[in-house]
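Thanks for coming, everyone. Have a look at the structure on the screen, and I'll walk you through a few places in it.

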Amino acid sequence: MERVCHSVELPGDERRFDIFLDYLSGEEIVVLDNYFYTTDYQRQIRDKACKLVCIDDMHDKHYVADVVVNHGLAEAQEFDCEPYTRLCLGPDWSLLRKPFLLPIQATKRLDRLVVCFGGSDPQRLSDKVVTMLLQLGVEQEIVVILGDTAYLSEENRQRVTIMHNLTAWQMADLFETSMYGIMPASSVRMEAVSRGLKTIAGYFVDNQRIGFDRSLAFNDIVPIYNFAELTIERLSSALEQLRDFHFVIPDYSRVPDNYIKVFASL
């Protein structure tokens, strides 16, 4: 963050909401990206004369923002908002980092399967999936992307390749040069699909259902549905489907221009 802007650290308790409002002069474009921002808090920001953008994947409240962004599968009629609110919906508004917006560079893929369940992985899904993959005797090299606090048993660690703290460029290169992936239907699934990675995806929290439904509609994943209910039989079946799976790699090249235009209009 410090490379592009100054940052201010707010306290972790409820005081942060009022402290943030005190920083506003009315000349800012405020971007809210979390589930706990209420309609009333949106109004308080607009009362400061600021322009307001809400990044949303739940559409579960009334919006008074100038712009609402939802890159999942959502329809305008699903949103409760003001007449002036501009809705930026669908994959043309995907929130992807630069390496995942560029054309695919790699020309060859290795027989490799990437497992990625985020930084903390509190449900230990990485360990669950890797254990099943090893029991199934998959032929591919298994690469597991782990956060610093994610769990993987010592036995499994000795039988897979582990990667930590990858940059966006390293993630993009890994996805471009691998055959398969297993991951939740979160932003990492969008990153994988943008790199042409054949992906098994599912969900383990409610907000991932929207991305999962979007991928089902666009047929760009092999679905595994709820990871909490995953069985070795279901995983085996998904791996069989993955071998012959094909999908249309989305073109995200116009995403930056879309954002430049909408922010310039505020």
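Start with Asn165, which sits in the loop between strand 9 and helix 5. Helices (H or I, at least four residues) and strands (E, at least two) are DSSP runs, numbered from the N terminus. Before going on: this is a predicted model, where local features need pLDDT of at least 70, side-chain atom pairs count only at pLDDT 80 or more, and totals for chains, interfaces and linings use all residues. Residues are numbered from 1 along each chain as its sequence is written, and side-chain values use heavy atoms, with hydrogens and water left out.

Back to Asn165. Its phi is near 50°, a positive value in a residue other than glycine. Is Asn165 buried or exposed? Exposed, because its relative accessibility is 56%. The cut-offs: buried is under 20% relative accessible area, exposed is over 50%, and partly exposed is in between, with a 1.4 Å probe and protein chains only.

Tyr225 also has a positive phi, about 65°, and is not a glycine. Tyr225 lies in strand 12. It counts as partly exposed because its relative accessibility is 40%.

Next, helix 5, residues 168-176. Its buried residues are Ala168, Met171, Ala172, Leu174, Phe175 and Glu176. Their cover includes strand 7, strand 8, strand 9 (161-164), strand 10 and helix 6.

Now helix 6, residues 187-194, where we find Arg189. Arg189 is buried, yet has no salt bridge. A salt bridge here is a side-chain nitrogen of Lys or Arg within 4 Å of a carboxyl oxygen of Asp or Glu. Which side chain of opposite charge is nearest to Arg189? Asp220, at 4.8 Å. Leaving aside neighbours within four places in sequence, the contacts of Arg189 (heavy atoms within 4.5 Å) include Arg214, Ser215 and Ile221.

On to the inside. A nonpolar core is a set of buried Ala, Val, Leu, Ile, Met, Phe, Trp, Tyr and Cys residues joined through side-chain atoms within 4.5 Å. The largest one has 36 residues, and Leu133, Ile182 and Ile200 have the most contacts inside it. Elements giving two or more residues to this core include strand 7 (110-116), helix 3 (125-136) and helix 8 (232-243). Helix 3 provides the largest share, six residues. Leu133 is in contact with Ile182, Leu235 and Leu239, among others, leaving aside its neighbours within four places in sequence. There is also a second, separate core of 26 residues, including Val69, Cys88, Ile145 and Tyr259.

Conventions
Lys, Arg positive; Asp, Glu negative; His and termini not counted.
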